[in-house]
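Trainee: I have a new structure to look at. Can you walk me through it?
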Amino acid sequence: MSCLEDALEVLRAQVGEAPSPPSRHAAQVIPRGLDGAVMKALAKLPEERFQSAEAFAEELGRIGGGVGVEEESAAGAGAGDQGDR
């Protein structure tokens, strides 16, 4: 494959494929809440991402503090933080 073909393949993946959760590639257990927060930060659509770095930091702090980590699924982590700021 040429360099141009490689670059186009990377571009196609960036635009068209959802990233896989960090827990899929980690050698250690990653809390579901953290997985969800990272996936939300990587969302393709801006309206699905954290609306500010502060909202992302607050979510990470909440997860690091262990507040509500077990109740959440990876897909729904931090949904209430959007648009508050």
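Mentor: One definition to begin with: a patch is made of residues with over 30% relative accessible area and no salt bridge, where like charges are joined within 9 Å and nonpolar side chains (Val, Leu, Ile, Met, Phe, Trp, Tyr) within 5 Å. Accessible areas come from the Shrake-Rupley method with a 1.4 Å probe, and for residues only the protein chains shown count as cover. This is a predicted model: local features need pLDDT of at least 70, side-chain atom pairs count only at pLDDT 80 or more, and totals for chains, interfaces and linings use all residues. Residues are numbered from 1 along each chain as its sequence is written, and side-chain values use heavy atoms, leaving out hydrogens and water.

Trainee: Which residues form the nonpolar patch on the surface?
Mentor: Leu4, Leu8, Leu11 and Val15, with about 400 Å² of accessible area together. Leu4 lies in helix α1, residues 3-16. Helices here are DSSP runs (H or I, at least four residues; strands are E, at least two), numbered from the N terminus.

Trainee: Is Leu4 buried or exposed?
Mentor: Leu4 counts as exposed, because its relative accessibility is 59%. The cut-offs are under 20% for buried, over 50% for exposed, and partly exposed in between (1.4 Å probe, protein chains only).

Trainee: How many helices and strands are in the chain?
Mentor: There are 3 helices and 0 strands.

Trainee: At what angle do the axes of α2 and α3 cross?
Mentor: Roughly 170 degrees, and the axes come within 10 Å. That makes α2 roughly antiparallel to α3. Axes are lines fitted to C-alpha atoms, for helices over the stretch in contact, with angles from 0 to 180 degrees between N-to-C directions. Under 35 degrees is roughly parallel, over 145 roughly antiparallel, 65 to 115 roughly perpendicular and the rest oblique.

Trainee: Which residues meet there?
Mentor: Gly33, Leu34, Ala37 and Ala41 in α2 meet Phe56, Glu59, Leu60 and Ile63 in α3; contact means heavy atoms within 4.5 Å. Ile63 is buried, at 9% relative accessible area. Its C-alpha atom is 6.3 Å from that of Gly33, 30 residues away along the chain.

Trainee: Changing topic, how many salt bridges are there?
Mentor: The whole structure has 2, a salt bridge being a side-chain nitrogen of Lys or Arg within 4 Å of a carboxyl oxygen of Asp or Glu. Arg12 pairs with Glu9, with 3.0 Å between the closest N and O atoms. Glu59 pairs with Arg62 at 2.8 Å, N to O.

Trainee: Are Glu59 and Arg62 buried or partly exposed?
Mentor: Glu59 is buried, at 2% relative accessible area, while Arg62 is partly exposed at 22%.
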